[in-house]
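Here's a quick briefing to read with the structure open beside you. Take it one topic at a time.

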Amino acid sequence: KQQTGLLELAKSQSIFEGNLTIAMSEITQIAARTLNVARSGIWFYNQDQSELYCAYLYPNSSDSSPKTEITLQRSQCSAYFEAINAQRVISASNAHTDECTQQLSAFYLQKNAMIALLTVPIHFKGQILGVISLEDSQTRDWAIEEQNFTSYLAQMTSLALEARDRKQA
């Protein structure tokens with residue numbers, strides 16, 4: 001299933017033509033469908049890295065529509081921000097109790113009925129620009145294959161950003 005998802009992304013015109021909105025939609029949909037998670041999202045830092053804003057959040061259910069307009073403030077969840085900048089992957093089977101993600105519990109996870117969280121940084125031009133985040137509504141031990149697949153999705157997001165910049169130039 002993961003190989004099929006990767007092949008589908010490798011053939012995506014939107015990623016290589018720099019159509020970032022369509023690329024983010026494709027990446028998040030493939031993530032949710034392939035790994036069977038409740039939600040998948042692409043989040044970017046603001047200019048001073050004081051917040052992460054949701055560029056695209058895909059809910060893997062027919063009763064919800066994609067969302068944006070969600071932000072996480074560094075002041076509310078500093079441990080999460082520090083973990084993003086220090087680690088390659090944040091793999092929380094129960095994000096309410098994980099030391100890196102527990103600050104998200106009261107104002108984000110509980111509000112959205114999410115328990116497990118897998119976060120992979122998006123590297124672009126030598127910096128961490130944001131994250132790919134997968135959320136699930138039950139506890140989940142994230143397999144190394146799922147973490148690797150999500151890392152590949154972060155790389156595909158970087159390729160889409162690079163193509164967008166080339167197109168703008």
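Which residues line the largest pocket? They are Phe44, Tyr45, Asn46, Gln47, Gln49, Tyr53, Gln127, Ile128, Leu129, Leu161 and Arg164. Keep in mind that this is a predicted model. From the pocket, we'll move on to the sheet and then to the salt bridges.

**The pocket**

- The largest pocket has a volume of about 230 Å³.
- Three elements each give at least two residues to its lining: β1 (39-45), β6 (127-136) and α6 (144-168).
- β6 supplies the largest share of that lining, with 3 residues.
- Sorted by class, the lining comes out as 6 nonpolar, 4 polar and 1 charged residues.

**The sheet**

- Now look at the strands: 6 of them make an open sheet, running in the order β3-β2-β1-β6-β5-β4, with antiparallel pairing.
- At the edges sit β3 (71-73) and β4 (90-92), and each of these pairs on one side only.
- From one strand to the next, the twist averages 20 degrees.
- β1 and β2 (residues 51-59) are antiparallel partners, joined over 7 bridges.

**The salt bridges**

- Side chains of opposite charge can pair when their charged atoms come close.
- How many salt bridges does the structure hold? There are 7 salt bridges in it.
- One of them brings together the side chains of Glu135 and Arg39, at 2.8 Å from N to O. That pair ties distant parts of the chain together, with Glu135 in strand β6 and Arg39 in strand β1, 96 residues apart.
- Are Glu135 and Arg39 buried or exposed? Both of them are buried.
- Asp136 has a salt bridge too, with Arg140, and their closest N and O atoms are 2.9 Å apart. Asp136 and Arg140 are both buried.

- Why does Arg164 count as partly exposed? Because its relative accessibility is 25%, and partly exposed covers values between the 20% limit for buried and the 50% limit for exposed.
- Arg164 also belongs to a network: salt bridges with shared partners join Lys125, Arg164 and Asp165.

Technical notes. Residues are numbered from 1 along each chain as its sequence is written. This is a predicted model: local features need pLDDT of at least 70, side-chain atom pairs count only at pLDDT 80 or more; totals for chains, interfaces and linings use all residues. Side-chain values use heavy atoms; hydrogens and water are left out. On a 1 Å grid over the protein atoms alone, a cavity is a set of points where a 1.4 Å probe fits but cannot get out, and a pocket is an open set with protein on both sides within 12 Å along at least five of seven lines; lining residues have an atom within 4 Å of a point. Grid points are joined across faces, edges and corners, and a volume is the space filled by probe spheres set on the points. Helices (H or I, at least four residues) and strands (E, at least two) are DSSP runs, numbered from the N terminus. Ala, Val, Leu, Ile, Met, Phe, Trp, Tyr, Cys and Pro count as nonpolar, Asp, Glu, Lys and Arg as charged, and the others, Gly among them, as polar. A salt bridge is a side-chain nitrogen of Lys or Arg within 4 Å of a carboxyl oxygen of Asp or Glu. Buried means under 20% relative accessible area, exposed over 50%, partly exposed in between (1.4 Å probe, protein chains only). Two strands pair if DSSP finds at least two bridges between them. Axes are lines fitted to C-alpha atoms, for helices over the stretch in contact, and angles run from 0 to 180 degrees between N-to-C directions.
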